[in-house]
Amino acid sequence: MRSNRIGMQFTASALALAVSYGANAVTDEDIMNDHMTTDDVVSYGMGLQGQRFSTLDTLNTDNVRNLQPAWAFAFGGEKMRGQESQPMVKDGVMYVSASYSRVYAIDAKTGEELWQYDARLPDGIMPCCDVINRGVALYDDKVIFGTLDAKLVALNKDTGKVVWIKKVADYQAGYSITAAPIIVNGKLITGVSGGEFGIVGKVEAYDPNTGEILWTRPTVEGHMGYVYKDGEAIENGISGGEAGRTWPGDLWKTGGAATWLGGTYDPVTDSLFFGTGNPAPWNSHLRPGDNLFSSSRLAIDPNDGSIKWHFQTTPHDGWDYDGVNELISFDYEDDGDVVHAAATADRNGFFYVLNRETGDFIRGFPFVDKITWAEGLDDNGRPIYADGGRPGNPADVSADKGEPVLAQPSFLGGKNWMPMAFNQETGLFYVPSNEWAMDIWNEPVSYKKGAAYLGAGFTIRPVNDDYIGVLRAIDPKTGEEVWRHENRAPLWGGVMTTAGDLVFTGTPEGYLKAFDAKTGEELYRFNTGSGVVGTPITWEMDGEQYVSVASGWGGAVPLWGGEVARVVKDFNQGGMVWTFKLPSDRVAGN
Amino acid sequence: MGRLVWMLCGLMAAPVLAAVPQDPFGSPMWEYNLSRYLGEGSRVVHDERVQLVVPPFAEDSAQVPLTLDLSAYPGPVQQIITWVDLNPIPHLFTLTPGATQARLVSLNFRVQQATTVRAAVRDADGVWHIGSAYVDAAGGGCTAPSLTGANPDWEQHFGTIHGGAFARLPGVRYKFSVMHPMDSGMVGDVPAFHIESVRLTGPGGDAPLLTMTLSQSAAENPMFVFELEQQPPYTVLWMRDNNGNVFERRLGEASGAES
């Protein structure tokens, strides 16, 4: 009798374990359908296409004023700095990364910590632009993220214990990882950071269960790509065909083009879209040519890493106009035909609409108020350089530095890393942008492993007295700016939009804000206590709609912003994730 | 050596429920840590044959040598658990032997303040045999920053293993150290970073010679000694830390056949 009861208990608990495991495992299907499911967020971008659009409309323009904080969670420690993460939510648990390569699992109902993982980082890490992390990937029973010392770490989602760890690149050569990896059909895809140190950018796929490498694709012309079978590297073609086509001499060996912002995926064309950073060094006179594939968008075959097409936004970049900004897939109708398009708002100040099947240029237009370095785009989307727009060659003068120029946008970009969002209902893109200029000049430089490889000096300054940041609603079919909202400090946080006609973003002043997606009217603000440079998400739990955002001022602006310091110097650091909800009894307006 | 088992629970006319023998050192953590690490209601006896050796005074609170000598213990040993009563995280290690019995285990540890140290050895009947020792100390070993961490180049030597296998009559002595900061997580701004698992495997590969789990009481750059009753031709040492780093090395070759 007694043993029988024990036996039954065992069976019951084993069953419960199996059920809870099954319910909690994140599948390829969950990730592929993330943009349609409202009860979870299991991909960076709230859908692999990266639209950051939620079909939820419980929370809308009528009731957003009733949005209330539900809980806040402190990342703790003295390690604050910039919090640029996008949280993930699955089965009532939030997974969020924080500065200094930390990851937290939090009860999404109560805000209580379930576990915390702190990577032990070497002192020699070399992140160019703050010790940030932009988010995790979820797969099966694992939480996977990249560290500042260029490793991938897979944690058990229930315990936070390390399942596997994999070195992606050598941090002592300047590599790091700050972007969220993505999962595409059972492959973990990641890029690398380090474009200021003369690294060679690459996109790589790993087995999310084991950490074994599957393929690698360098993003600088001349470097060999590989696929791996049974631990053996098999050549899969040189990127760009051969070395030296668009680079002089040996400069392709340290050509930069870091894939530091990760990528998106489009199931319609089965393509990964990864952007690439600046060519190295910054001094463009040392490397005449287009310098492929720097400052480009690449369509990559997720199966073997082959490059399907590329579109270079800034050929022969001389202003640090990285081409990493997210390429978001979207469809629109043109004379009754559905166009499979993709859009991106580049650092260089132009907004591009591309055919995502071919990479062909459809249209492009400035999304910032002024562009000095180019007069416009030609029929293929190639910039028409302005006379005198490029900093002078130091070799032309006897001094140590070349002729400086005033360039707009500044190298921090018309838009930087912070992702924009596309609303399927309004058909508009909501672009977090900034109006600033820079004085930039070139200097001689040579490569040294692990040292900054710039050959340029610069200082950034605002161009308007009363604002730098501008949140813009942009029509991708016409180039029209439908509305704008100006912000005194530069915008550095991501954007999210919903079927409730809302646009959410944060400001360095500390606010989470909600806007009317059609008019731009500010409908809600809440101060989180430190600058918001993270990306908000929304989801549904127990019949109520939630919004979460990480708070904690930092990122590249306080480090590189030059004269912008005047505006941001009093912003204090922080490190929290804030969660808001619309209580079910406050759904009716008023 | 005669049978010097202190069957205190028997002497004290204990009630039917397994009472815990009194602690000769009078540690305030005695009963709490017994139930915490050995389980509530475990059968416990003091046993002098579980010989735990620590210095009377810790010259360096961050590096205190501990030796557990089981040469007088008749065996077989099912499991060994050690802890440091007054450390913030008292647990030091749990060791599970394989087919070959471990006769001696040594490891350096940290002390936060003067404390009793315990080793519990589980026999085939499930009874825990306790050896105890007391170490006086100035303290602070668990919350002092590691020397490794003070060196910005620590990663260059990180994971370096020194050591080898030395023939004994009969058996083998493995002695090795590994360069690892073993951060306890109690120093400001330095997350916990320490070796959690140690495994020795013989040529067969399947059944380990021993497995060991470590906690934060283990010292920086730990030095391990294991003496086993029989020597396999060679042994693979495998260690893993809480960040998932794996350290692996072969110890000894098939050379000491004359023993």
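1. Which residue in S33(A) is the bridge partner of Leu471(A)? His485(A). Strand S32 (residues 469-474) of chain A pairs with S33(A) in the antiparallel sense, over six bridges. Two strands pair if DSSP finds at least two bridges between them. Strands are DSSP runs (E, at least two residues) and helices likewise (H or I, at least four), numbered from the N terminus.

2. On provenance: this is a predicted model, where local features need pLDDT of at least 70, side-chain atom pairs count only at pLDDT 80 or more, and totals for chains, interfaces and linings use all residues. Residues are numbered from 1 along each chain as its sequence is written, chains are lettered from A and ligands numbered from 1 in the order written, and side-chain values use heavy atoms, without hydrogens or water.

3. S32 and S33 of chain A belong to an open four-stranded sheet, ordered S28-S29-S32-S33, with antiparallel pairing. Its edge strands are S28 (421-423) and S33 (481-487) of chain A; each pairs on one side only.

4. Chain B has four helices and 17 strands. Buried residues (under 20% relative accessible area, 1.4 Å probe, protein chains only) make up 51% of the 259.

5. In helix H2 (residues 30-38) of chain B, the buried residues are Trp30(B), Asn33(B), Leu34(B), Tyr37(B) and Leu38(B). They cover an arc of only 105° around the axis (by directions from the axis to the C-beta atoms), which puts them on the same side of H2(B). Gly39(B) follows H2(B), with a positive phi near 100°.

Technical notes: Buried < 20%, exposed > 50% of the residue type's maximum accessible area, 1.4 Å probe, protein only.
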